[in-house]
Amino acid sequence: SADVSNVMIYFEGGTDNIYIDDFVLREAPVHDIQQDIASLKDVYSDYFKIGTATTAKELAPTSTQNLVLKHFNSITPGNELKPDAILDQKACLAMAEAGDDENPQVNLDSAKSILNFARKNNIPVRGHVLVWHSQTPTWFFKENYDPNGEWVSKEKMLKRMENYIKNVFTAIEEEYSDVDFYAWDVVNECWLDDGTPRKAGSQEENSNSSPWVQIFGDNSFIKPAFEFAKKYAPEETKLYYNDFNEYMPNKTDAIIKMVEEINSDGHYIDGIGLQSHLDVNFPSVSVYKNALDKFCATGLDVQITELDATVSGNDEESFAKQAQYYSDIMDTIVAQKDNISAVAFWGTTDDQSWRASKYPLLFNEDYTAKPSFYSIIDGIESTGTTTTTQTTSSTETT
């Protein structure tokens, strides 16, 4: 990316010798993106923002930048604003050695290339994520930030939480005041599919465990997280609770009950983020619709925050099935357009997706649009007209 100043090439092997021959380092080729197809953000301009998530690495190629600029008017840093990316362990330890282990220090350098790109091109940003059990270092929850230390008390963790959230928003204001952070995921993934809280413990012990629950005993940390975020976030930034498998019935009910209880004595949660990591075989469109309708009935804003839909192969039949599924899901979302302010896909091209082996997105590795892209733009009305477009495309990834 543009801010890189030093590059190291590192080869790693086992016990065998490695011989490197005919090695060349060159700039990645620039693929021409399809300029003669409709723009997603324009097609849906009368409905909601259309966004994408991207990592700094993913956004580095000029081709990806051009794809983002053509199709999306919202961007989510995929990893670069998560706690493990912005918590500054060295600075935290220095503060602790000076006698203060309640004021976690943060650093936004990991997100620099993405936020600079958003600033340069005036693209609104979804902040993701402040309070999460995963991708949060265990030392953040321990005395003196020692990963082998004792768990801190609930009282100390509340102070750390407040200062952490305050420091994040302060850093954003100081360094990126001209970037429109229109939304932030304040709390992420606190409920299991059966509608119960995560178990107490560290991530190293069990993926269903949460250090937050370890310290608080339950999900009572969620409300103060929103109280602190409401206190320190810019007034124009909307605050969201975000979760996956949100269409599982018990989980749907647990999330809705939680947000209604938290907002019962004030307006702390502005909206609910539905990640929507889907597969063409599950959930069914009707199951997804039932959950979406319930969330929209809360009266809170709803955003589809991490949409993708996997399929078993990249042959013509598989991609046709994926296209129909995407079309039906987007029709369901459009039907609730008055309650939904943004739809964000989780990635740009299939090969860069965290689910790359199952081809979940709208664009092939060579940046060409897949049948699923065409299936969600045909017939969508925008600015008073019906969008129609060529419906043929390559069905093979490079």
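Visitor: Is Tyr367 buried or exposed?
Guide: This is a predicted model. Tyr367 sits in the loop between strand 11 (340–345) and helix 13 (371–375). Its relative accessible area is 8%, and the cut-off for burial is under 20%. So Tyr367 counts as buried.

Visitor: What is the phi of Tyr367?
Guide: Tyr367 is not a glycine. Even so, its phi is positive, at about 75°.

Visitor: Where is Ser276, and what is its relative accessible area?
Guide: Look in the loop between strand 8 (271–274) and strand 9. Ser276 has a positive phi of about 65° there, although it is not a glycine. Ser276 is also buried. Its relative accessible area is 0%.

Visitor: Which strand holds Val129?
Guide: A cis peptide bond joins His128 to Val129, with omega about 10°. Val129 falls within residues 125–132. That run is strand 3.

Visitor: Which residues does Phe228 touch, leaving out those up to four places away in sequence?
Guide: Start with helix 9 (residues 222–232), where Phe228 is placed. Phe228 is buried, with a relative accessible area of 14%. Its contacts are Leu158, Met161, Glu162 and Ile165.

Visitor: How far apart in space are Phe228 and Leu307?
Guide: In sequence they are 79 residues apart. In space, from C-alpha to C-alpha, the distance is 28 Å.

Visitor: Which residue's side-chain oxygen reaches the backbone nitrogen of Lys90?
Guide: Go to the start of helix 5 (residues 89–97). The oxygen comes within 3.3 Å of that nitrogen. It belongs to Asp88.

Visitor: Which residue takes a positive phi just after helix 5?
Guide: The phi there is about 105°. The residue is Gly99.

Visitor: What is the radius of gyration of the protein chain?
Guide: The chain has 13 helices and 13 strands. For 398 residues the globule rule gives 21 Å, and the chain's value is close to that, so it is as compact as a globular protein of that length. The radius of gyration is 22 Å.

Visitor: What share of the residues is buried?
Guide: The count runs over the 398 residues of the protein chain. Buried residues make up 54%.

Visitor: How far apart are the centres of the positive and negative side chains?
Guide: There are 32 positive and 64 negative side chains. The centres of the two sets are separated by 4 Å.

Definitions and conventions
Residues are numbered from 1 along each chain as its sequence is written. This is a predicted model: local features need pLDDT of at least 70, side-chain atom pairs count only at pLDDT 80 or more; totals for chains, interfaces and linings use all residues. Side-chain values use heavy atoms; hydrogens and water are left out. Helices (H or I, at least four residues) and strands (E, at least two) are DSSP runs, numbered from the N terminus. The radius of gyration is taken over C-alpha atoms; the globule rule is 2.2 Å times the number of residues to the power 0.38. Buried means under 20% relative accessible area, exposed over 50%, partly exposed in between (1.4 Å probe, protein chains only). Lys and Arg count as positive and Asp and Glu as negative; His and the chain ends are not counted. The place of a charge is taken as NZ of Lys, CZ of Arg, CG of Asp or CD of Glu. A polar contact is a pair of N or O atoms within 3.5 Å; within protein, one must be able to donate a hydrogen and the other to accept it, and residues adjacent in sequence count only if both atoms are side-chain atoms. Contact means heavy atoms within 4.5 Å.
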